[in-house]
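Visitor: I would like to learn how to read the strands in a model like this one. Could you take me through it?

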Amino acid sequence: MLKNNKEQVVTVNVDGGYKPNKLKLKKGVPTTINFNRKDPSGCLSEVLIPDFDVKEELPLNETVSVDITPEAAGEYEFTCGMQMFRGKIVVK
Ligand SMILES: [Cu+2]
């Protein structure tokens, strides 16, 4: 959700995958992605966003905030640590 032109905040529930698995972001706006992991599977215990050098542990039943600023339009992938589950960040 775009709150204003100064920041945008999106929430991703991590439960059997990523919900939603497609995040639409506005270019050049600082962004907080809140990951809520509800799935005990160790497969989802880590999230990677390689294009933004993000590698974060996601403790169960906690919210982990990841801050990025997408400076260029395009599509960027985020995945679990083993790249089994995938989501997409679409920047326009
Ligand atoms: Cu995995």
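Guide: Gladly! In strand 4, V14 has R37 as its bridge partner. Strands here are DSSP runs (E, at least two residues), numbered from the N terminus. Residues count from 1 along each chain as its sequence is written. Please keep in mind that this is a predicted model: local features need pLDDT of at least 70, side-chain atom pairs count only at pLDDT 80 or more, and totals for chains, interfaces and linings use all residues.

Visitor: How many bridges join strand 1 to strand 4, and in which sense do they run?

Guide: Strands of a sheet pair through backbone hydrogen bonds, either parallel or antiparallel. Two strands pair if DSSP finds at least two bridges between them. Here, 7 bridges join strand 1 (residues 8-14) to strand 4 (residues 31-37), and the two run parallel. Strand 1 is also joined to strand 2 (residues 18-19), antiparallel, by 2 bridges, and V14 stands opposite Y18 there. The hairpin of these two strands has 3 residues between them, and G16 takes a positive phi near 70 degrees.

Visitor: What is the strand order in the open sheet of 5 strands?

Guide: The order is 3-9-8-5-6, with mixed pairing. Strand 3 (22-25) and strand 6 (54-57) stand at the edges with a single partner strand each, so one side of each lacks a neighbour in the sheet. Strand 5 (residues 46-49) pairs with strand 6 in the antiparallel sense over 4 bridges; V47 has E56 as its bridge partner in strand 6.

Visitor: Where does V90 lie?

Guide: V90 lies in strand 9 (residues 86-91).
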